[in-house]
Amino acid sequence: MHTRRDFIQKLTGSLIALQISPALVTAGCNNIIVPYDGPLLRVAIIGLGSYGTRVAEAMKDCKKAKLVGVISGTPSKIKDWQAKYNIPEKNCYNYENFDQLKNNPDIDVVYVITPNALHKDQVIRVAKAGKHVISEKPMSINAKDGQEMIDACKKAHVKLLVGYRMHFEPKTLEIIRMRKVGELGKVLFFQGLCGFTIGDPTQWRLNKQLSGGGSMMDIGIYAINGARYMIGEDPIWVTAQETKNNPEKFKEGVDETIQFQFGFPGGAVASCLSTYSMNNLDRFFLNGEKGYAELYPSTGYGPIQGRTSKGELTQPHVTHQTVQMDEMAGIILEGKQPVVPVDGEEALKDLKIIDAIYEAVKTGKKVDLKL
């Protein structure tokens, strides 16, 4: 297999032959761009909707990952994607026959980007076909299903990753670094506000059978996950309250707005909000004894904006899905370990918390968490 190092060695030899200093290569000369020549992750996407399209477009700029296959229940979409992304016929499947992936050595991983309730069965089928799996978040609609997905992937000896794109976002990672090295002091409080006004009432996100809930399963999970990686601990209790002003749009089991609170073992607390009825709510705030950090917007497609008690965050913006897929290629092909995990076990914790939030809403009681 060709590697980047092999390429540099060849290029350095050529420069010596031309009596040009090889230091130009290794010193990062702006005039010489060394292309990536390492292993390539070959990706198929299942679910060719709006987010699947966003991922596909972002992958055009990936160095380590390439879109090579599609799975869809709509033949016209398959034809369109074939033409747009140069996908061969042998790498195209529908929902009935994609178990045949097991006979296709040209696909390494399948990214499942379908409604939440479909993730479990599709991930398990992909795993049984011997392919690695990336599931969009939430990984499933409850912790029981999530555990079954993890078990199936372990049994099949394939990796299960989850689309936590914010785990690779530079400004987010800078705040995590500051917290880890003590620049913010002892962490005391986190606030996570996540919401927008949802439109079409007939869409799958407002169908409990497909989504598993409402705003919590779509946007609230960002605050749950964000509280954990910003504070650097898992919560030990949760309380929650639901507000529903439009029961016609938000049917039984489809939450409109939920406020929820966490307690953490180190003494920090969190106050969060998830809603489908308010805009301008994409904000994280972390407060410590020595300083603070804020992201606003905090989880949108970008660019993320942030500042801390030490000044503005200036890390450059790169399309989140491009970075995510390159980083996941490193995890799958090279065993790379991310700063914040993106595996099934990480996602299972969020599902356990979501289960507990719904229980707290229903009972009105504080629910203890064991993650």
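**Reading side-chain contacts**

Me: Phe-284 counts as buried at 1% relative accessibility. What do buried, exposed and partly exposed stand for?

Reply: Buried means under 20% relative accessible area, exposed over 50%, and partly exposed in between (1.4 Å probe, protein chains only). This is a predicted model, in which local features need pLDDT of at least 70 and side-chain atom pairs count only at pLDDT 80 or more, while totals for chains, interfaces and linings use all residues. Residues are numbered from 1 along each chain as its sequence is written, and side-chain values use heavy atoms, with hydrogens and water left out.

Me: How many aromatic pairs does the structure hold?

Reply: Rings of Phe, Tyr and Trp (its six-membered ring) pair if their centres lie within 6.5 Å; planes under 30 degrees apart count as stacked, over 60 as edge-to-face and the rest as tilted. There are eight aromatic pairs here. One is edge-to-face, because the planes of Phe-190 and Phe-284 stand at 70° with ring centres 5.1 Å apart. Phe-190 belongs to strand β7 (residues 187-195) and Phe-284 to strand β11 (residues 281-288), so the pair ties together parts 94 residues apart in sequence. Strands (E, at least two residues) and helices (H or I, at least four) are DSSP runs, numbered from the N terminus. Phe-190 is buried, with a relative accessible area of 0%. Elsewhere, Phe-196, Phe-250 and Tyr-276 make up one aromatic cluster.

Me: Which residue lies over the face of Phe-98?

Reply: A charge sits over a ring if NZ of Lys or CZ of Arg is within 6 Å of the ring centre and within 35 degrees of the ring normal. Arg-125 takes that place, at 3.8 Å from the ring centre of Phe-98. Lys-366 lies over the face of Trp-237, at 4.5 Å from the ring centre.

Me: How many salt bridges does the count come to?

Reply: A salt bridge is a side-chain nitrogen of Lys or Arg within 4 Å of a carboxyl oxygen of Asp or Glu. The count is 25 salt bridges. Among them, Lys-120 and Asp-145 meet at 3.5 Å, N to O. The pair joins helix α5 (residues 119-128), which holds Lys-120, to helix α6 (residues 143-156), which holds Asp-145, and so ties together parts 25 residues apart in sequence. Both residues are buried.
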